[in-house]
Amino acid sequence: MDASDIIGLVIVIVAGLSLIGLSVPLLMGRGSWLIAGYNTMSKEEQEHWDGPALARFTGKILLVIGLLTVTLMPVMCIFKFLWLTVLYTVLVVGLGVFAAVWCNTGKRFRK
């Protein structure tokens with residue numbers, strides 16, 4: 001590994017730890033203002049949604065993505081496993097699609 005690989009590895013680890021750090025207030029049901037779409041709604045629209053439950057669900061998704069970033073990406077960088085990059089991408093995109101569909105169907109987070 002040369003210097004640019006180490007710098008990239010540090011950036012990936014910091015990004016993953018940042019995602020994990022952002023998930024903590026969401027897991028506690030706070031910080032719903034971090035959720036895109038929810039924070040742009042008017043106060044009247046937000047009253048129709050269960051903000052703390054939505055924040056906890058978003059925190060769980062964000063925690064999983066952060067943990068995947070901290071674990072899979074460094075292994076891929078160190079051992080040059082291309083298939084881990086593909087796996088990471090599929091998992092993150094899949095989680096994003098799952099979260100969007102889950103939140104917007106079935107009125108799970110409606111009051």
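Reader: What is the volume of the largest pocket?
Author: The model is predicted: local features need pLDDT of at least 70, side-chain atom pairs count only at pLDDT 80 or more, and totals for chains, interfaces and linings use all residues. Residues are numbered from 1 along each chain as its sequence is written, and side-chain values use heavy atoms, with hydrogens and water left out. A pocket is an open set of points on a 1 Å grid over the protein atoms alone, where a 1.4 Å probe fits, with protein on both sides within 12 Å along at least five of seven lines. Grid points are joined across faces, edges and corners, and the space filled by probe spheres set on the points gives the volume, here about 400 Å³.

Reader: Which residues lie closest to the centre of the largest pocket?
Author: Lining residues have an atom within 4 Å of a grid point. The largest pocket has 19 of them. Closest to its centre are Ile35, Ala36, Leu54, Thr58 and Cys103.

Reader: How many residues of the lining are nonpolar, polar and charged?
Author: Ala, Val, Leu, Ile, Met, Phe, Trp, Tyr, Cys and Pro count as nonpolar. Asp, Glu, Lys and Arg count as charged, and the others, Gly among them, as polar. The lining divides into 15 nonpolar, four polar and no charged.

Reader: What area does the nonpolar surface patch have?
Author: Patch residues have over 30% relative accessible area and no salt bridge, and nonpolar side chains (Val, Leu, Ile, Met, Phe, Trp, Tyr) are joined within 5 Å. Areas come from the Shrake-Rupley method with a 1.4 Å probe, and for residues only the protein chains shown count as cover. The members are Met1, Ile6, Val10, Val14, Val75, Ile78, Phe79, Phe81, Trp83, Leu87 and Leu91, and the patch covers about 1,000 Å².

Reader: Why does methionine 1 count as exposed?
Author: Methionine 1 sits in the segment before H1. Buried means under 20% relative accessible area, exposed over 50%, and partly exposed in between. Methionine 1 counts as exposed because its relative accessibility is 54%.

Reader: Is leucine 87 exposed or partly exposed?
Author: Leucine 87 belongs to helix H4. Its relative accessibility is 34%, so the label is partly exposed.

Reader: How far apart in space are methionine 1 and cysteine 77?
Author: In sequence, 76 residues separate methionine 1 and cysteine 77. From C-alpha to C-alpha, their spacing is 9.0 Å.

Reader: What separates the C-alpha atoms of leucine 9 and cysteine 77?
Author: Leucine 9 lies in helix H1. Leucine 9 counts as buried, at 13% relative accessibility. Along the chain, leucine 9 and cysteine 77 are 68 residues apart, and their C-alpha atoms are separated by 6.9 Å.

Reader: Which side chains meet in a salt bridge?
Author: The structure holds one salt bridge, a side-chain nitrogen of Lys or Arg within 4 Å of a carboxyl oxygen of Asp or Glu. The N to O distance is 3.6 Å. The partners are lysine 80 and aspartate 5.

Reader: How many residues apart are lysine 80 and aspartate 5?
Author: Lysine 80 is in the loop between H3 and H4, and aspartate 5 is in helix H1. Lysine 80 is exposed at 55%, whereas aspartate 5 is partly exposed at 27%. The pair links distant parts of the chain, and the separation is 75 residues.

Reader: What is phi of lysine 107 near?
Author: Most residues other than glycine have a negative phi. Lysine 80 has a positive value, near 60 degrees. Lysine 107, in the segment after H4, also has a positive phi, near 50 degrees.

Notes. Patch = residues over 30% accessible without salt bridge, like charges linked within 9 Å, V, L, I, M, F, W, Y side chains within 5 Å. Helix = DSSP H or I, 4+ residues; strand = E, 2+ residues; numbered from the N terminus. Buried < 20%, exposed > 50% of the residue type's maximum accessible area, 1.4 Å probe, protein only.
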